[in-house]
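Subject: Structure handover

Hello,

Here is the structure I said I would pass on to you. Please open it beside this message and follow along; my notes come after it.

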Amino acid sequence: MALQITLPGQEGSGRVVGIDLGTTNSLVAYVEKGEAKVIPGQDGGIVPSVVTLDDSGNIVSVGVHAKKNALIDAAHTVYSVKRLMGKSYTDVQKESGMLSYKLAPREEGLVRVRIGNREYTPIELSSFILKELKDRAESYIGETVTKAVITVPAYFNDAQRQATKDAGRLAGLEVLRIINEPTAAALAYGLDRKKNGIVAVYDFGGGTFDISILKLSDGIFEVRSTNGDTYLGGDDIDRRLMELFLTQINRIEPKFEPTPEDLQRIRTDSERVKVELSTKNEATVEMVFAAQNVSYKRRITRQELEMMAKPILERTRKPCLDAMADAGLHPDDIDDVVLVGGATRMPAVKALVQEIFKRKPNDSLNPDETVALGAAIQADVLAGGTKDILLLDVTPLSLGIETIGGMMSTIIPRNTTIPTKARETYTTFADNQTGVEVNVYQGERDFVKDNRHLASFTLKGIPPMVAGLAKISVTFLIDADGILHVTALEEHTGLSAEVEVKPSYGLTDEEIERMLRESIQYAKEDIVGRRLVEAKTEAERVTNATERVLGQIRRHEIDIPEDRLKTLNINQLIDDLYALKKAVAGDDPTEIKAKLDLLEKSTEPLAQEIMNASVAQALEGKKLEEV
Ligand code: ADP
Ligand code: MG
């Protein structure tokens, strides 16, 4: 099954890094002189997990810029792609209405995102984010980066892990190991403090919730149990706020039909309000939808937010209790509860954790960085750097096969330390039967229909014999990445039966091969050429927008008082605009980026002014409801 393609720059050793590929934010870290650190950048090295693509499939931007693009070009901007990893269209259909980009309806296989005329798997989209992190690391370290440890939520199933690994491969990274986010966090926590004892890691991010309980003893990090929900996070709270705001806007203006950009705007404001309410008691949203002549303003208190968030936060309680029960522990047995993930900054989360574990949680680590730092440490261990550390992780979900009546027969129970192996013996039911079909599932329910179908495989080439005589032993191996491998052997003949695994939610080898081939072609293309296309696209977007606004001011379609206009330094703005246009006519991407930055800076006061003006205008429109 393994595919051997050497990507350009993948020969030789190169640096190893640790990557936290988050639903909302991603980071890359590495170990230097025995110390783990995050590759710095804007916002402390946090790269929003957002990608903007143009109609012909070029990457326009990744990260902060892409996040901004979501407000003006929602249909081309993809976020929260991690929520789609390893999922089918049916799995995610429910929430597709809340996304501002399009999913392509499909009967089976992986869900795909449609942008322009092209469709992308979540694997490809994630690989764009990973590639950006790789590039950043390379330009910061000044060496090629070829190998990485990538983290996933502990509760990710086989398909989601496989998808993450494939994304790494597509980005030109050899994925040394997939490790669980809370385990990585514990590694960073434990190493830092040289602590021993039982630690619970409560990781509440944008899209996923994880709880893991570990035993730390002299460099051995042993996961005792893990639990969680891959569909639970700060995003859900944003969505609750969005629903509230949308309902109220619709009450003011029943005909209000939000464009994808409007939805994005509401989403951004919802998140901002939520974040503000972690430190303040009150926050305000003020939104103007000029095209529909609707404006909306609302004050919201922390108490209101907490009431809305409560049912969401409460959903983290049972996984915590189950994890303790699985580990055979009580809150008293736990020495420390570590908080990880941006959403744990909410006071209500801290209070809930304190209630569940009956102790004040430890919020001394930077909840954004811990996972990436732990991944970097594990990467360094695997590369032979850091010594005397051993990670013993577990499989979060039971693995089993379908038996008579659609029942699940568990082969490897959840919370088994990985890597782990189990063997089952099969036989034939009919004389001269030469094939047996096996269906593999992951999950905890009694009936397979309630669990996740991982793969079907057929044992073929069994020598013809009397029914029941053949003895085919099948080995299920869960590797250190938490991914399943299957091998089979017919015991009488010693022949290895052929195993044909058809993952239900993965890519076929052919698909991966094609994508890799495409990405190699892509990589071989002149890198400067690609940067140039990206820079030009971005520059054109900004010059067009600026010229449009300048025209509107000239035609007095936007009303800015004369004296205010003077303070905005329009002449400088126009100079910067022409400087950018001149740069765009040339072919130096660095020059274009530099001029683009200048123009963006000089348009900032104007943008602010226009926002204020349109708010004022809309306020006059008397469509305001102060609730
Ligand atoms: P992920 O691991 O899913 O990428 P992060 O750990 O980066 O996520 O957390 C992102 C989530 O944390 C988002 O929902 C974001 O709104 C939320 N968040 C970040 N800072 C705060 C804060 N100060 N208060 C409340 N929520 C926050
Ligand atoms: Mg995270």
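I will start with one pair of helices: α3 and α4 are oblique to each other. Please keep in mind throughout that this is a predicted model. Helix α3 covers residues 122–141 and helix α4 covers residues 158–170. Their axes come within 8 Å and cross at roughly 55 degrees. The crossing in which α3 passes α4 is right-handed.

A second pair to look at is α6 and α8, where helix α8 is made of residues 302–314. The axes of these two helices come within 9 Å, and the crossing angle is roughly 130 degrees. That angle makes α6 oblique to α8. Here too there is a right-handed crossing, with α6 passing α8.

Which helices each supply at least two residues of the shell around ligand 1? They are α6, residues 234–252, and α7, residues 260–276. The largest share of that shell comes from α7, which gives 3 residues.

There are 18 residues around ligand 1, and those that come nearest are Thr-24, Gly-206, Glu-271, Lys-274 and Ser-278. Sorted by class, the shell has 11 polar, 4 charged and 3 nonpolar residues.

At Thr-23, a polar backbone atom is 3.1 Å from an oxygen atom of ligand 1. At Thr-24, a polar backbone atom is 2.8 Å from an oxygen atom of the ligand. At Ser-278 the side chain is involved instead: one of its N or O atoms is 2.6 Å from a nitrogen atom of ligand 1. How much of the ligand does the protein bury? Ligand 1 taken alone exposes 580 Å², and 89% of that is buried by the protein.

Last, please look at the loop between β21 (407–412) and β22 (420–426), where Pro-419 lies. The peptide bond that joins Ile-418 and Pro-419 is cis, with omega at about 0 degrees. Asn-415 is found in the loop between β21 and β22 as well.

Regards

Definitions and conventions:
Residues numbered from 1 in each chain as written. Chains lettered and ligands numbered in written order. Predicted model: local features only at pLDDT ≥ 70, side-chain atom pairs only at ≥ 80, totals over all residues. Heavy atoms only, no water. Near = heavy atom within 4 Å. Polar contact = N/O pair within 3.5 Å; in protein donor to acceptor, adjacent residues only side chain to side chain. Areas by Shrake-Rupley, 256 points an atom, 1.4 Å probe, with all protein chains shown as cover. Helix = DSSP H or I, 4+ residues; strand = E, 2+ residues; numbered from the N terminus. Nonpolar A, V, L, I, M, F, W, Y, C, P; charged D, E, K, R; others polar. Axes fitted to C-alpha atoms, helices over the stretch in contact; angles between N-to-C directions. Parallel < 35°, antiparallel > 145°, perpendicular 65-115°, else oblique. Left-handed = near helix turned anticlockwise from the far one by under 90°.
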